[in-house]
Amino acid sequence: MVMNFNIPGYLLLCSNIFLIFCLKNSQVSSSALASVCPNTTTYSPNSTYRSNLNVLLSSLASNASRPNGFYNSTVGRTESEIVYGLFLCRGDVAPLDCQDCVTAASKDILENYCPMGKIAVIWYDDCLLRYSNLPIFGRLEESGALILYNTQNVNEPGKLLSQLGNMMDEIANLAAKENDGKKFATKEANFSSPEKLYTLAQCTPDLSDSSCYRCLRAAIGNLLGVGSRGRRVLLPSCNVRYELYPFYNVMAVAPPPPPPVRLSPPPPSSQHGPTTSDRGNFFI
């Protein structure tokens with residue numbers, strides 16, 4: 001399969017399985033991180049498929065303010081004209097920011113990245129958008145990992161990899177079993193004073209628990225590098241990331257405070273005297 005990869009502004013190192021992008025620092029702009037456009041199936045500009053794709057992308061953008069940050073839809077009936085599509089916003093992203101990201105992706109994917117392709121995926125910091133002429137809902141896609149990493153390394157790579165491995169194991173399990181409609185988990189921990197290690201794992205919520213976990217394990221296998229200060233792995237069905245700075249909204253993912261402790265009422269007094277109702281009618 002011939003694949004077109006569009007990666008604005010990054011150094012590209014290719015292998016036959018993975019794409020690796022080097023970043024001088026891991027903070028990126030609101031432009032697309034990368035896109036994948038297989039060259040296997042195309043459509044003509046005036047085709048029914050293009051019309052259905054326009055309808056689909058409009059539907060995705062208009063539904064991008066949903067609280068769970070995920071939506072999928074299908075437009076068309078016959079095999080030659082049907083199009084399946086979905087978006088996924090990062091679990092901490094606010095609904096309006098999610099909608100902005102999906103709206104931008106819907107425009108960019110056609111105008112700048114994957115014109116005339118029936119299959120496409122585009123990634124941003126805040127969201128992923130994907131469509132295909134083949135069924136994609138609930139189906140695990142773990143091939144073609146995209147790896148972005150910071151070119152600067154930590155001073156203690158062994159410590160980083162050990163701690164990171166434990167943290168990623170934990171959040172992979174949490175994300176796969178998460179049941180509030182997001183399949184998203186984060187964790188932070190002290191690393192080397194004053195720095196903290198921040199980690200994230202997320203799947204598209206249409207995956208089963210087992211498929212989500214399998215996808216995350218495949219991604220994590222490519223996350224544990226040689227001590228980079230930051231690294232992320234992007235797949236169509238899931239993504240993982242770690243940094244030594246808070247790259248997600250820490251307050252948005254913080255657990256809710258525990259409910260207030262309700263104190264038991266004091267025991268009734270053993271002294272004899274007027275009751276509350278008696279006191280209202282007690283005169284000296």
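Cysteine 89 and cysteine 98 are joined by a disulfide (a pair of cysteine sulfur atoms within 2.5 Å), with an S to S distance of 2.1 Å. This link is right-handed, with 85° about the S-S bond. Cysteine 89 counts as buried because its relative accessibility is 2%, where buried means under 20% relative accessible area, exposed over 50% and partly exposed in between, computed with a 1.4 Å probe on protein chains only. Cysteine 98 is buried as well, with a relative accessible area of 1%.

The structure is a predicted model, in which local features need pLDDT of at least 70, side-chain atom pairs count only at pLDDT 80 or more, and totals for chains, interfaces and linings use all residues. Residues are numbered from 1 along each chain as its sequence is written, and side-chain values use heavy atoms, with hydrogens and water left out.

**Disulfides**

The structure holds five disulfides. When the bonded cysteines of the chain are numbered in sequence order, they pair as 1-5, 2-3, 4-6, 7-8 and 9-10. The table presents some of these links.

| Pair | S to S distance | Angle about the S-S bond |
|---|---|---|
| cysteine 37 and cysteine 114 | 1.6 Å | -50°, left-handed |
| cysteine 89 and cysteine 98 | 2.1 Å | 85°, right-handed |
| cysteine 203 and cysteine 212 | 2.1 Å | 90°, right-handed |

A disulfide joins cysteine 37 to cysteine 114. This pair links distant parts of the chain, 77 residues apart: cysteine 37 lies in strand 4 (residues 34–38), and cysteine 114 lies in the loop between helix 2 (95–113) and strand 7 (120–123). Helices (H or I, at least four residues) and strands (E, at least two) are DSSP runs, numbered from the N terminus. Cysteine 37 and cysteine 114 are both buried. Cysteine 203 and cysteine 212 are buried too.

**Nonpolar cores**

A nonpolar core is a set of buried Ala, Val, Leu, Ile, Met, Phe, Trp, Tyr and Cys residues joined through side-chain atoms within 4.5 Å. The largest such core has 30 residues, of which Leu53, Val102, Ile109 and Tyr131 touch the most other members. At least two residues of this core come from each of helix 1 (48–62), strand 5 (70–75), strand 6 (83–89), helix 2, strand 7 and strand 8 (127–132). Helix 2 gives the most, with seven residues.

Apart from its neighbours within four places in sequence, valine 102 is in contact (heavy atoms within 4.5 Å) with Leu60, Ala61, Ala64, Phe87, Cys89, Cys127 and Leu129. A second, separate core of 29 residues includes Met167, Ala175, Ala219 and Val233.
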